[in-house]
Amino acid sequence: MTVQINTWLTDMDGVLVHEQRALPGAADFIKTLRDNDRNFLVLTNNPMYTPRDLSARLKLSGIEIPEENIWTSALATAQFVSQTIPRGSAYVIGEAGLTTALHEAGYILSDRNPDYVILGETRNYSFEAITTAIRLILDGARFICTNPDNAGPSDQGILPSTGAVAALITNVTGREPYFIGKPNPLMFRTALNRVGGHSANTAMIGDRMDTDVIAGVEAGLHTFLTLTGVTQKDQVEDYPFRPSHVVNSIADLIPIAESGVVEEVEE
């Protein structure tokens with residue numbers, strides 16, 4: 001049985017790039033999508049950078065992706081809160097990618113009785129800012145996190161990320177945050193709405209079973225696991241769910257991107 005793929009969603013780190021270096025086939029895959037007028041978005045849980053920043057960083061890696069084809073957890077978070085409480089206010093811990101998205105969604109950033117405390121990612125978590133967030137949550141602010149990742153890479157090694165800081169705040173306040181980014185399928189639904197895609201004809205490419213693949217499965221997408229990132233082939237059997245296909249790298253998907261058709265594997 002064949003499946004028509006009209007829309008592509010792909011993770012960035014571990015699929016297109018690794019430590020700002022393009023992975024094999026990444027530039028050609030994106031070029032194939034653009035040459036064939038395929039709907040596509042690059043998804044990332046990293047809320048630190050704006051789409052314009054990420055587009056520039058990818059270009060330096062040799063991958064040409066317009067900023068309108070990049071969807072971050074910061075953008076998904078801004079869309080979520082603006083639809084839930086339009087033109088509200090938020091106390092934010094994060095970088096320009098998050099604050100810019102919230103400003104563009106009509107939000108006011110304030111530490112005075114905000115509707116939300118929104119925790120994003122930064123390389124400079126401030127104890128004072130975390131303490132303020134705790135106080136505001138205890139006073140009734142809703143607790144939102146852009147993404148659940150506990151750790152992230154840096155030139156100096158592993159650094160604590162949003163999920164780890166969220167756990168600290170939860171331990172003090174007793175309040176669990178609502179995580180917007182992967183593996184929440186909301187991230188994919190907002191992406192599909194952005195490009196006018198339909199789940200039955202959309203593929204998700206990722207390198208992690210515990211975020212990319214499970215979110216794709218829960219959103220009803222066709223899923224490809226690449227072996228150029230976190231998950232190794234022998235680890236796939238450890239999970240109760242499966243990707244539709246396992247490939248060595250995104251280079252293997254160039255013919256499918258060109259034809260728009262993939263053969264469905266029958267169990």
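Where is the place of Arg87 in this structure? In this predicted model, Arg87 sits in the loop between helix H3 and strand E7, the latter covering residues 89-93.

**Positive phi angles**

Arg87 is not a glycine, yet its phi is positive, near 50 degrees. Asp37, likewise a residue other than glycine, has a positive phi of about 55 degrees. The place of Asp37 is the loop that runs between helix H1 (26-35) and strand E5 (39-44). Are these residues buried or exposed? Asp37 has a relative accessible area of 69%, and because exposed means over 50%, Asp37 is classed as exposed. By the same cut-off, Arg87 counts as exposed at 67% relative accessibility.

| Residue | Relative accessible area | Class |
|---|---|---|
| Asp37 | 69% | exposed |
| Arg87 | 67% | exposed |
| Ser161 | 1% | buried |

**A cis peptide bond**

Which two residues does a cis peptide bond join? The bond lies between Lys182 and Pro183, and its omega is about 15 degrees. Pro183 belongs to the loop between strand E13 (178-179) and helix H7 (186-195).

**A buried serine**

Ser161 is located in the loop between strand E12 (159-160) and helix H6 (162-173). Buried means under 20% relative accessible area, so Ser161, at 1%, counts as buried. What does the side chain of Ser161 reach? At 3.4 Å, that side chain reaches the backbone oxygen of Asp149.

**The packing of H3 and H4**

Helix H3, made up of residues 73-84, packs with helix H4, made up of residues 96-104. Their axes lie 8 Å apart and form an angle of about 30 degrees. Angles under 35 degrees count as roughly parallel, and therefore H3 is roughly parallel to H4. The crossing in which H3 passes H4 is right-handed.

Which residues of the two helices meet? From H3 come Ala74, Leu75, Ala78 and Val81, while H4 contributes Gly97, Leu98, Ala101 and Leu102. The residues of this contact comprise 7 nonpolar and 1 polar, with no charged residue among them. Because Gly counts as polar in this classification, Gly97 of H4 is the polar member of the contact.

Conventions
Residues numbered from 1 in each chain as written. Predicted model: local features only at pLDDT ≥ 70, side-chain atom pairs only at ≥ 80, totals over all residues. Heavy atoms only, no water. Axes fitted to C-alpha atoms, helices over the stretch in contact; angles between N-to-C directions. Helix = DSSP H or I, 4+ residues; strand = E, 2+ residues; numbered from the N terminus. Parallel < 35°, antiparallel > 145°, perpendicular 65-115°, else oblique. Left-handed = near helix turned anticlockwise from the far one by under 90°. Contact = heavy atoms within 4.5 Å. Buried < 20%, exposed > 50% of the residue type's maximum accessible area, 1.4 Å probe, protein only. Polar contact = N/O pair within 3.5 Å; in protein donor to acceptor, adjacent residues only side chain to side chain.
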